[in-house]
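Please keep the sequence and the 3D view open beside the text as you read.

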Amino acid sequence: MKIKIILFISAILTIISCSPKEQKVTIAAAANLRYVLDEIKEQYTKENPEVQLQMIYGSSGTLTQQILNGAPYNLFLSADTKFPESIVKKGMAEGLPINYCYGRLAMWSSSIEVSKGLSILTSPQVKKIAVANPSQAPYGETAVNLLKKFNLYNQIENKIVWGENINQTAQFASSGNAEVGFIALSLALAPQMKEKGQYYVLPENQALPIAQAAVLIKGQENNKQAQTFLNYIVSPKCSSLWEKYGYGLAIKKQ
């Protein structure tokens, strides 16, 4: 009996050792991508069950610092082009950055009518305005540049509460800690935000669409699978998901 048990265990171990190795791909992604990437991930893993996608979300600046300090990410999906280019300049990228989508800046509120745009910011009703840290979050940088462009920054600087990233900024607004938040349109269109408040998309003559770029990180295991995933997200298979969350496509539909 003992011999049979030993042989059975040995057979199981042999099967396990011979099974295909799971291909894990770790992706550092800008916080504004959380909802669209969750859906893309679900779709992709159904088609590629042998690949495990691990998403790490944060501000583009914070993720860049982690990469430069050796964090084992395969792929970096930034909220701009500047941070991926800095990784290329440091010699830590495989190839050049690839533009994968265009994002839009929006104002969001659960309690204030935002359809009049920037003019509401100086209203006494608006006591706090949530903005992402401009040194770390490209959408925050775009918001600050916008406010300065229209000579509003100095008028409302004392109202600003700074979020670590765009997700935290959205949380400040949705929780009522700020009457208005400058957030990514993609977050305003997420079910959790869409049902709780209203949004106003900044027109292109005020804030241009934000080009978002991706780059592969040099020397990581499973980078071939990471490249395959990057090719997938810019393919027509994902076009409807990008559009669902208000992103402009980096490729033409086929």
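## Two helix pairs

H3 passes H4 in a right-handed crossing, where right-handed means that the near helix is turned clockwise from the far one by less than a right angle, and left-handed that it is turned anticlockwise. The axes of helix H3 (residues 60–68) and helix H4 (residues 82–89) come within 10 Å and cross at roughly 15°, which makes H3 roughly parallel to H4. Axes here are lines fitted to C-alpha atoms, for helices over the stretch in contact, and angles run from 0 to 180 degrees between N-to-C directions. Angles under 35 degrees count as roughly parallel, over 145 as roughly antiparallel, 65 to 115 as roughly perpendicular, and the rest as oblique. On the H3 side, Ser60, Gly61, Thr64, Ile67 and Leu68 meet Phe83, Ser86 and Ile87 of H4, a contact being heavy atoms within 4.5 Å.

A second pair is formed by helix H2 (residues 34–47) and H10, whose axes lie 12 Å apart and pack at an angle of about 120°; these two helices are therefore oblique to each other. H2 also passes H10 in a right-handed crossing. The contact is made by Ile40, Gln43, Tyr44 and Glu47 of H2, together with Gln225, Thr228, Phe229, Tyr232 and Ile233 of H10.

## How the model was read

This is a predicted model, in which local features need pLDDT of at least 70 and side-chain atom pairs count only at pLDDT 80 or more, while totals for chains, interfaces and linings use all residues. Residues are numbered from 1 along each chain as its sequence is written, and side-chain values use heavy atoms, with hydrogens and water left out.

## The chain as a whole

The chain has eleven helices and eleven strands, where helices (H or I, at least four residues) and strands (E, at least two) are DSSP runs numbered from the N terminus. Of the 254 residues in the chain, 47% are buried; buried means under 20% relative accessible area, exposed over 50%, and partly exposed in between, with a 1.4 Å probe and protein chains only. Among the contacts in the chain with a separation of 6 or more, 76% are between residues 24 or more positions apart.

Strand S4 (residues 93–103) is joined to S11 by two bridges, and the two run antiparallel; Tyr102 has Gly248 in S11 as its bridge partner.

The other open sheet has five strands in the order S7-S6-S8-S5-S9, again with mixed pairing, and its edge strands are strand S7 (160–163) and strand S9 (198–201). Its neighbouring strands are turned by 30° against each other on average, direction ignored. Helix H7 (residues 166–174) packs on this sheet, touching strand S5 (105–109), S6, S7 and S8, and its direction makes about 150° with that of S8. Strand S6 (residues 129–132) and strand S8 (residues 180–184) run parallel and are joined by two bridges, with Ala130 opposite Gly181 in S8.

## Nonpolar cores

In soluble globular proteins, nonpolar side chains tend to be buried together. A nonpolar core is a set of buried Ala, Val, Leu, Ile, Met, Phe, Trp, Tyr and Cys residues joined through side-chain atoms within 4.5 Å. The largest such core has 71 residues, and those with the most contacts inside it are Leu33, Ile40, Leu77, Leu121, Phe182 and Trp242. A second, separate core of eleven residues includes Ala28, Tyr73, Ile87 and Ile217.

Is Ala93 buried or exposed? Ala93, which has its place in strand S4, counts as buried because its relative accessibility is 12%. Leaving out residues up to four places away in sequence, Ala93 touches Ile87, Val88, Val215, Leu216 and Lys218.

Asn151 lies in the loop between helix H5 (138–149) and helix H6 (153–156), and counts as exposed at 62% relative accessibility. Although Asn151 is not a glycine, its phi is positive, at about 55°. Asn222, in the loop between strand S10 (210–217) and helix H10 (223–233), is a residue other than glycine with a positive phi near 70°.

Definitions and conventions: Two strands pair if DSSP finds at least two bridges between them.
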